[in-house]
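Thanks for coming, everyone. I have one structure to show today, and I will keep it brief. Please look at the screen.

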Amino acid sequence: MLSTSRRYINDLGKGAFGYVILAQDTITQELVAVKKLPRHLAADMQLERELLAHSSLRHPHIVRFHQVFLSPNHCNLVLEYVPGETLLLLLCKMSDVQDKR
């Protein structure tokens with residue numbers, strides 16, 4: 001379930017704590033990444049502190065935080081969508097290049 005102002009497009013990936021989907025804001029047409037964490041994590045004070053810290057960050061090399069909202073089963077973090085490879089894949093490629101030197 002997404003908020004009414006976003007339309008699901010496809011799945012982007014899955015991690016240890018949840019998964020990420022690509023969605024489109026139906027008002028601005030902007031593509032966003034929605035990180036869906038199990039709702040019980042929403043009560044975690046560490047998550048709350050991280051969200052507050054992330055929401056105040058403004059830097060070209062840090063993914064922009066847009067919003068957080070709760071659905072029946074998830075805590076949904078709406079983030080800037082950055083197309084391309086995952087950070088893990090990029091780091092692995094960089095490691096391979098350095099190993100070949």
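**The pocket and what surrounds it**

Helix 1 gives 4 residues to the lining of the largest pocket, the largest share of that lining. Before I go on, note that this is a predicted model.

So what else lines the largest pocket? Strands 1, 2, 3 and 5 and both helix 1 and helix 2 give two or more residues each to the lining. In residue numbers, helix 1 is 45-55 and helix 2 is 87-100. Strand 1 is 6-14, strand 2 is 19-25, strand 3 is 31-38 and strand 5 is 74-80.

The lining of the largest pocket comes to 33 residues. Nearest the centre of the pocket are V20, A33, K35, V63 and L79. How is the lining split by class? There are 21 nonpolar, 7 polar and 5 charged residues. The space in the largest pocket is about 1,200 Å³.

**The whole chain**

Now step back to the fold. We have 2 helices and 5 strands. What is their order from the N terminus? The elements run β-β-β-α-β-β-α.

The C-alpha trace spans about 50 × 35 × 25 Å along its principal axes. Of the 101 residues in the protein, 26% are buried. The protein exposes about 7,400 Å². Carbon and sulfur atoms supply 60% of that area.

A word on contacts. Take those between residues at least 6 apart in sequence. Among them, 39% join residues at least 24 apart.

**The cysteines**

A disulfide is a covalent bond between the sulfur atoms of two cysteines. How many disulfides does the model have? The count is 0, with a cut-off of 2.5 Å between the sulfur atoms.

Let me take C75 and C92 in turn. Is C75 buried or exposed? C75 is buried, because its relative accessible area is 2% and the cut-off for buried is under 20%. C92 has 40% relative accessibility, so C92 counts as partly exposed.

**One backbone detail**

Last item: Q29. Most residues other than glycine have a negative phi. Q29 is not a glycine, yet its phi is positive, at about 70°. Where does Q29 sit? Q29 lies in the loop between strand 2 and strand 3. With a relative accessible area of 45%, Q29 is partly exposed.

To recap, keep two items in mind. The largest pocket has V20, A33, K35, V63 and L79 nearest its centre. Q29, in the loop between strand 2 and strand 3, has a positive phi.

Conventions: Residues are numbered from 1 along each chain as its sequence is written. This is a predicted model: local features need pLDDT of at least 70, side-chain atom pairs count only at pLDDT 80 or more; totals for chains, interfaces and linings use all residues. Side-chain values use heavy atoms; hydrogens and water are left out. Buried means under 20% relative accessible area, exposed over 50%, partly exposed in between (1.4 Å probe, protein chains only). On a 1 Å grid over the protein atoms alone, a cavity is a set of points where a 1.4 Å probe fits but cannot get out, and a pocket is an open set with protein on both sides within 12 Å along at least five of seven lines; lining residues have an atom within 4 Å of a point. Grid points are joined across faces, edges and corners, and a volume is the space filled by probe spheres set on the points. Ala, Val, Leu, Ile, Met, Phe, Trp, Tyr, Cys and Pro count as nonpolar, Asp, Glu, Lys and Arg as charged, and the others, Gly among them, as polar. Contact means heavy atoms within 4.5 Å. Accessible areas come from the Shrake-Rupley method with a 1.4 Å probe; for residues, only the protein chains shown count as cover.
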